[in-house]
Amino acid sequence: MADHNMKKVTLGIHLGHHSSCAVVIDGVLMAAMQQERVTRRKYDGRPFFNNELPIHQCLNLAGVELKDVTDIISSLQSVAPGGIGLRHPLVQSGFNLFDPWDKRHKVISHHLAHAMSAFGCSGYPDASVLVVDLAGSSTESGQDFVMPFSDYYHHITDNKARGGMVLQTECLSIYSFDEKGYSLLEREFCTPHPTPDVFVQNAASLYDNVARSIFGSENAHGQLMALASLDTHTENETNQFNELMTDVDGHITFHNGWQERFSINGDPIRNIPLAKLTQNTLQSALLSYAERSKKIGKSNKFCAAGGVFLNILSNSAIFDSGIFESCYFPGSPHDAGISIGCAFFGQRIWEAPHLEYQDKYNTDRLGTDILEPEIMRALDHHDMFITDNGRQTPEDIARLLQDGKIIARCAGRAEFGPRALGGRSLLASPLLEESKIRLNKIKNRQDWRPVAPIIQQDKINDFFNGPTVSPYMNYVHYIKEDHVHALKALAHPDRSTRAQTLLRSTDPVLYDIMSSFNDATGYPVLVNTSLNGGGEPIIDNAEDAITFFRHNEDVDFLLLGEHLLSRNETSWLQSFQEGNKLRLSDGTLTNIIFSKGKRYVFFIKGRLSVSVDLTIFDAVNKNDGYLSYALLESKDSAVMKSLFTALMFGLMEFAR
C-alpha cells in the first residue's frame, strides 16, 4: 500500500458532465477514471459531490489511501454564486467518500484546471496554453480562483446584497506557464442568450449548435466532423467561413442571422455543405487563437485544452502551421480531463523545484487493470456460455484478424479518455471492406462513418501522411495513394483518417500482434475502434467485457487479458436437457407483431431485443412462464439458435 516516503499525493475531482477523478504522486500521473465507466451511463456526472464518484477506485489504482493524500483539488463546472439548493445541492445527502470540509480540500476554477491538465501532461518546462470551450466557470470578477472549500461554500451560498449580481462565464483563456508559475494573459466571456442552441457566441457554440441541428442529439460533434469530410456537389458549396465570423488580430466576432438561410434536411448527407462550412470556420478560428497565443505569450511551445480540441482537423491545422516549435494536445482535452488538471495543480510543481518534470505522456491507459483473478471470476460466472481457448500466440490472433474476424480486446489498464487506444478496443483487418460495415453495425453508427487505424509508430510514414507521433488519435492523417486500394476498411472520400501510433513499450502484446499481421499481409496496421455499443461508455472490466461479448453476435472473439474466448453453443444445451428449466429474466418484455398474416415474437430488455421462434413463446405461455426441454415440440436448429441468442443476451435465464 502506501509508501510513507512519498512527498506529494494529490487527488483531483471534476464535477459536472464527464465527472472524473485522478491521482498524481510526486509529479507523475498514476491513475484517472471517468464516472461513466463505473455507472455505465455515458457522459455521466453530477454538479455536486456524490457517492458515485470513482475516488476510491483511483486511489486503489495508485496504491494509496485517502489518509495518504496531501491535497484534494476539485472543480465544479456548473456551480455559481446563488445556484445552490433544491435539485442542486453542493454536497449530496449521505456523501461519505471524504469530508468536503477537510482542510486539505480546495476548489479551483474551470479554465485554470483545463490549462493545468494540458501543461501537466505535456512534459514542457514552459508553454503558451489556450483553453477554448462552450462555457467554464461563472464568476462576478471573471478571474480565476483558488480557495479552501469552506471559503468556496460560503462564497456561493452567501446571497446577501447581491440583487444586482452580474456573472461572467469564461469561454476562452490564454495562459503562460513556466517553472515559476502561471499567468492569465487574456480571457473572453460568453454572451447570455435565451436561445443558446441557435445563437452563436463562440467557436464551441457554433459547432455544437450545428451538430445538434443536423443529428438531433447532444454530443454529435464527431459525427459532424466525419460528415464534413464527405464529398458533395450539392448547393451552398461556395459558402465561405467569413460569412460566419470576422477575425481582427485573433479577436473573433461570430455572426448571427445566417442560420435562417439553412434548413436542416432529415438525411444528414444532404447537410454536407453546412458541415463543411462549420468545420472550416472552427479551424480558422482555432488557428487564429493559436496565433494570438503565440503573439502575447512567451513560449515556442503550445498546449491546448477544452472540448473543441477533440476536433482532429483543427488540431492538425495548428500543428502543420508551424506557429509553434512543438504542440501538445492531451488525450482528454474535454471536461473529463479537468480532474487531471486539478491533481496536477495540487502538486504545485512551480513551487517545488525538487520535483522532476516527467516526459510527455504517450499513454492514456490510466484506468482499471484487468487482472487474472478478476478474469477467472468472470469466466466462472459465464462458463455455461463462454469457452476459454486459453492463451494464444500473436500469430494465432493475427491469423484470425486476417481471416476477417472481429476481436474485442479488454487487456491491461483501461483508457481514461474518449478514444480506445488498444486496451478496450474492437480490432479488425483494415484490408477488408466488411470490417467497417460490421463495426458500424455493432456501434449502431451510420454506414458512412469512418473507422480508424492503429499502426506501429516507426512505420507510419510508409502508409500515412501526417504527424508521426499520435498516441491519442489527436490528428488527421491521409492514406498514401499507393495504399488506398488495399486499406479498404479505412476508405473515406478524402482519404482522411485518425491514426493512433503505438510504441512497443506501451503495449507489447498488441504490438506483437500487429507485427505478426504485418508478416502475413505487409501491413502493420489494424482497425481500432472503442469497445462499446451505441450510446454506451467504453467497457471497463472483465465482467462488462464478457457481457458485451454475449450481447453482440457480430463480435467473433473476446481477447480478455491473454485468454481468447468464444461462444459455447453446447454446454447450456446439455444442462437444459438434464432437466433444468428456463424462464424469462426479470425485466424482459414480449412484443408480438403481425405482418402479412404471420405472427412474430420479440423478447425485449432495455436496448436488447431478439426475434424468437414461435415454438419457444408458445411453450412458455403453456407452462406459466417456464420452459422445459420436453415442451419444445420442434427442436430444429432455428429454434435452438433463437433460444441460445435469448440466453446470451440475458433475456432468458435458467430457473433457480
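Which residue's side chain meets that of Asp126 in a salt bridge? In this predicted model, where local features need pLDDT of at least 70, side-chain atom pairs count only at pLDDT 80 or more, and totals for chains, interfaces and linings use all residues, the partner is Lys301, at 4.0 Å from N to O. Residues are numbered from 1 along each chain as its sequence is written, and side-chain values use heavy atoms, with hydrogens and water left out.

A salt bridge is counted when a side-chain nitrogen of Lys or Arg lies within 4 Å of a carboxyl oxygen of Asp or Glu. Side chains of opposite charge can pair when their charged atoms come close. The search of the whole structure returns 34 salt bridges. In the pair of Asp126 and Lys301, distant parts of the chain are linked: Asp126 lies in the loop between helix H3 (110–122) and strand E6 (127–132), Lys301 lies in strand E13 (residues 301–305), and the two are 175 residues apart. Helices (H or I, at least four residues) and strands (E, at least two) are DSSP runs numbered from the N terminus. Burial is classed by relative accessible area: under 20% is buried, over 50% exposed, and in between partly exposed (1.4 Å probe, protein chains only). Asp126 is partly exposed at 22%, and Lys301 is partly exposed at 23%.

A further salt bridge joins Glu218 and Arg212, whose closest N and O atoms are 3.5 Å apart. Here Glu218 is exposed, with a relative accessible area of 52%, and Arg212 is partly exposed, with 31%. Arg438 and Asp556 also form a salt bridge, with 3.0 Å between the closest N and O atoms. Arg438 belongs to helix H12 (residues 433–443) and Asp556 to the loop between helix H15 (542–551) and strand E26 (557–560), so this pair ties together parts that are 118 residues apart in sequence. Arg438 and Asp556 are both buried. Elsewhere, salt bridges with shared partners join Arg41, Asp44, Arg46 and Glu52 into one network.

An open sheet of three strands, paired in the antiparallel sense, has the order E29-E30-E31. Strands pair if DSSP finds at least two bridges between them. Strand E29 (589–595) and strand E31 (608–612) are at the edges with a single partner strand each, so one side of each has no neighbour in the sheet. Neighbouring strands are turned by 30° against each other on average, direction ignored. Axes are lines fitted to C-alpha atoms, for helices over the stretch in contact, and angles run from 0 to 180 degrees between N-to-C directions. Seven bridges connect E29 with strand E30 (residues 598–605) in antiparallel pairing, and Ile593 stands opposite Tyr600 in E30. Helix H17 (residues 614–622) packs on this sheet, touching E29, E30 and E31, and its direction makes about 75° with that of E30. Helix H18 (residues 637–648) also packs on the sheet; H18 touches E30 and E31, with its direction at about 165° to that of E31. Contact requires heavy atoms within 4.5 Å.

A second open sheet, again antiparallel, contains three strands in the order E32-E28-E33. Its edge strands, strand E32 (626–627) and strand E33 (652–654), each pair on one side only. Strand E28 (residues 582–584) pairs with E33 over three antiparallel bridges, and Leu582 stands opposite Phe654 in E33. H18 lies across E28, E32 and E33, running at about 85° to E33.

The axes of H3 and helix H9 (residues 338–347) come within 7 Å and cross at roughly 80°. H3 and H9 are therefore roughly perpendicular to each other, a class that covers 65 to 115 degrees, whereas angles under 35 count as roughly parallel, over 145 as roughly antiparallel and the rest as oblique. Residues in the contact include Leu112, Met116 and Cys121 of H3 and Ile338, Phe344 and Phe345 of H9. By class, this contact has nine nonpolar, five polar and no charged residues. Ala, Val, Leu, Ile, Met, Phe, Trp, Tyr, Cys and Pro count as nonpolar, Asp, Glu, Lys and Arg as charged, and the others, Gly among them, as polar.

Most residues other than glycine have a negative phi. His18 has a positive phi, near 60°; His18 lies in the loop between strand E1 (9–15) and strand E2 (20–25) and is buried at 10% relative accessibility. Met473 likewise has a positive phi, of about 60°. Met473 is placed in the loop between strand E21 (464–465) and strand E22 (477–479) and is buried at 2% relative accessibility.
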